[in-house]
Amino acid sequence: MEILFFLCLCLSLFRPPIMCSPPPPLDENSFTYENETDNGPAKWGHIDPNWQVCETGKLQSPIDLLDQRVQVFPKLGKLKRLYKPAPAVLKNRGHDISVMWKGDAGRIVINGTDYKLSQCHWHSPSEHTVNGTRYNLELHLVHKNSYGQLAVIGILYKLGHPDTFLAELLRHVTTAHGEIELGVVSPGEIKFGSRKYYRYIGSLTVPPCTEGVLWTILNKVRTVSREQIRTMRDVVHDGFEANARPIQRQNGRPIYFYRPQA
């Protein structure tokens with residue numbers, strides 16, 4: 001059984017994982033990121049029956065991308081982005097700030113499968129770590145294929161020059177609930193900066209912690225200003241100023257690293 005389990009994991013890196021589209025999280029007041037509270041990350045699996053996998057799951061995210069565990073695998077191939085401008089809204093979801101595209105914002109292609117871009121959001125500090133290093137910010141670009149299966153691209157940020165995409169959006173940020181029309185937003189303005197990336201099978205990092213998510217974490221660490229991070233934290237609601245889930249167990253999952261062959 002154990003051999004079969006790991007074989008299925010490896011195969012799932014090259015074709016979409018089998019999963020259903022996850023239900024949306026409940027009201028933001030149902031969970032928090034404060035560890036010492038009754039609804040903090042360690043208790044998510046007890047808050048709602050649909051969230052039990054937050055505690056019992058074996059493929060949870062985020063994880064530490066430790067060099068000793070990473071396998072270099074050049075056959076994963078270049079990440080193909082086919083994004084295009086589309087109407088979008090900015091939304092304060094309480095636990096994060098997100099941009100949600102209402103039109104067709106394009107797609108990424110992974111192993112011949114199209115995943116359409118639906119939204120992006122930020123976590124501060126970063127959720128994933130690299131060799132134990134936690135960065136100042138992490139952006140998640142959420143994509144979905146025609147079967148409802150998810151592929152998320154993660155971009156890590158450290159303190160430095162302002163991020164140009166975030167700078168434009170923060171002009172519209174508000175502490176109020178609801179949506180703000182942004183007009184046409186081009187996801188192509190989000191800088192990737194590197195063809196190298198990590199890949200593994202994980203989960204949503206918020207309840208219901210649904211597993212089977214195909215994660216791609218870019219190797220390039222980009223920069224964000226201290227003021228931008230402060231603004232992001234100021235507008236989310238109490239208990240979410242730091243909205244990063246703690247690192248989860250790897251449980252023997254393969255973590256692959258793609259770098260182009262010379």
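Student: What is a salt bridge?

Tutor: A salt bridge is a side-chain nitrogen of Lys or Arg within 4 Å of a carboxyl oxygen of Asp or Glu. Before we go on, this is a predicted model: local features need pLDDT of at least 70, side-chain atom pairs count only at pLDDT 80 or more, and totals for chains, interfaces and linings use all residues. Residues are numbered from 1 along each chain as its sequence is written, and side-chain values use heavy atoms, leaving out hydrogens and water.

Student: OK. How many salt bridges does the structure hold?

Tutor: It holds 6 salt bridges.

Student: Which side chain does Glu179 meet in a salt bridge?

Tutor: That of Lys102, at 3.8 Å from N to O. The pair links distant parts of the chain, 77 residues apart. Glu179 is in strand β12 (residues 179-185). Lys102 is in the loop between β5 (97-101) and β6 (106-110).

Student: Where do those strand labels come from?

Tutor: From DSSP runs, numbered from the N terminus: a strand is a run of E of at least two residues, and a helix is a run of H or I of at least four.

Student: And Lys102, buried or exposed?

Tutor: Exposed, with a relative accessible area of 54%. Glu179 is partly exposed, at 44%. The cut-offs: buried is under 20% relative accessible area, exposed is over 50%, and partly exposed is in between (1.4 Å probe, protein chains only).

Student: Which residues are linked with Lys102 in a network?

Tutor: Glu179 and Glu181; salt bridges link the three.

Student: What about Asp114, which residue is its partner?

Tutor: Arg107, in a salt bridge with the closest N and O atoms 3.2 Å apart. Asp114 is partly exposed, at 37% relative accessible area. Arg107 is partly exposed too, at 30%.

Student: And Arg171, which residue does it form a salt bridge with?

Tutor: With Glu168; the closest N and O atoms are 2.4 Å apart. Arg171 counts as exposed, at 58% relative accessibility. Glu168 counts as partly exposed, at 42%.

Student: New topic: strands. Do β11 and β14 pair in the parallel or the antiparallel sense?

Tutor: Parallel, over 8 bridges. Two strands pair if DSSP finds at least two bridges between them. Strand β11 covers residues 150-159, and β14 covers residues 211-224.

Student: Which residue in β14 is the bridge partner of Ala151?

Tutor: Leu214.

Student: And in which sense do β13 and β14 pair?

Tutor: In the antiparallel sense, over 7 bridges. Strand β13 covers residues 197-203. Tyr197 has Leu218 in β14 as its bridge partner.
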